[in-house]
Amino acid sequence: MSAADAPPDHALWKLAAIGTLAGVFSGLFGVGGGTVIVPLLIFWFAYGERLATGTSLAAIVLIGLLGTLAQGGLYGNVHLLTGLLLAIPAIAGVLLGTAIQQRIPQRAVSYLFALLLVAIAVELILS
Amino acid sequence: MNELAAVLICLFGGLTGGLVGVGGGVLFVPALTIFIGLTQVEAESTSLLMIVLVAFVGAYRQNGYGNVRVREALIIGALSPLGVWIGVTVANHVSERVLQLSFAALALFMAAQLLRRARTA
């Protein structure tokens, strides 16, 4: 990535806010930061849905790594074999999901995301 | 049978992650507690490991399609531990019910904004 692509300073603050908010919700509810990252990248940076979801996944790699290291290193709560075995179908799912996403209209991704947000809201209200 | 259910839910969790750019933990955690029998803390920790693998493969594929801004993603990820610390601190001072309802309201607001934007785009 070239320097010309670097975000301006005010964008840095918004990115920092998104990272912090993603962490807040992750810390509060154990939900992945993606719930917050994707909509905010769309609202604040006018990202298209595919760019927002791709960038969100890349951010989640780092967020999850930091979290896994804390949990696994400090508390030893990670069930390594179970996690690795169940990651196989999960990875098959994500390959399928990203492939499907390239073939549907971007706005369909927004509709799916809105559905996910409503499901999360209902679950939070009922719990 | 339980293992098969867990496999199917994790497949669906990964599918959701690929489609809408989330980690899939919303589905991995219940699969691990209900069908594998892990405690909530063990499930959340193990789910995090799965999220890293799923998000890595998903981000790798999306990068191939030209759908990743690496620099922006790194800034967001690097700032998240500050947020986690704030979240944990807040959680210790505000009732869980208030937090749940607040986030539910925010989720519904964001859903409405996404729908409004998608309809006018």
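This is a predicted model: local features need pLDDT of at least 70, side-chain atom pairs count only at pLDDT 80 or more; totals for chains, interfaces and linings use all residues.
Residues are numbered from 1 along each chain as its sequence is written, while chains are lettered from A and ligands numbered from 1 in the order in which they are written.

Chain B also has a simple make-up to follow: five helices and zero strands, running α-α-α-α-α from the N terminus on. Its C-alpha atoms fill a box of roughly 45 × 45 × 30 Å along the principal axes. Of the 121 residues of chain B, 51% count as buried; for chain A, the figure is 52% of 127 residues. Here a residue is buried if 20 or more other C-beta atoms lie within 10 Å of its own, exposed if 12 or fewer, and partly exposed in between, with C-beta atoms placed from the backbone. The domain assignment of chain B, with bounds from an automatic or database assignment, gives domain 1 (1-68) and domain 2 (81-121). The centres of these two domains, taken over C-alpha atoms, are 21 Å apart.

Next comes the meeting of the two chains. Chain B brings 82 residues to the contact and chain A brings 84, two residues being in contact if their C-beta atoms, placed from the backbone, lie within 7 Å. On the side of chain B that touches chain A, two or more residues come from each of helix 1 (2-20), helix 2 (25-35), helix 3 (40-64), helix 4 (70-91) and helix 5 (96-120) of chain B. That side divides into 54 nonpolar, 21 polar and seven charged residues. In this grouping, Ala, Val, Leu, Ile, Met, Phe, Trp, Tyr, Cys and Pro count as nonpolar, Asp, Glu, Lys and Arg as charged, and the others, Gly among them, as polar.

The largest nonpolar core has 74 residues, and those with the most contacts inside it are A:I18, A:I37, A:A90, A:L117, B:M50, B:V54 and B:I76. Such a core is a set of buried Ala, Val, Leu, Ile, Met, Phe, Trp, Tyr and Cys residues joined through C-beta atoms within 7 Å. Helix 3 of chain B gives the largest share, 11 residues. Because domain 1 (1-68) and domain 2 (81-121) of chain B both give residues to this core, it lies between them. Leaving aside neighbours within four places in sequence, B:M50 is in contact with A:G83, A:L86, A:A87, A:A90 and B:F28.

Helix 4 (residues 80-101) of chain A holds buried residues including A:G83, A:L86, A:A87 and A:A90. A kink of about 35 degrees lies at A:I88 in this helix, shortly before the proline A:P89; the bend is the angle between axes fitted to the seven residues ending there and the seven starting there. In helix 2 of chain B, B:F28 is one of the buried residues. The buried residues of helix 2 of chain B pack against helix 4 and helix 5 (106-126) of chain A, together with helix 1 and helix 3 of chain B. Just after helix 2 of chain B, B:G37 takes a positive phi of about 85 degrees.

Note on methods: Helices (H or I, at least four residues) and strands (E, at least two) are DSSP runs, numbered from the N terminus.
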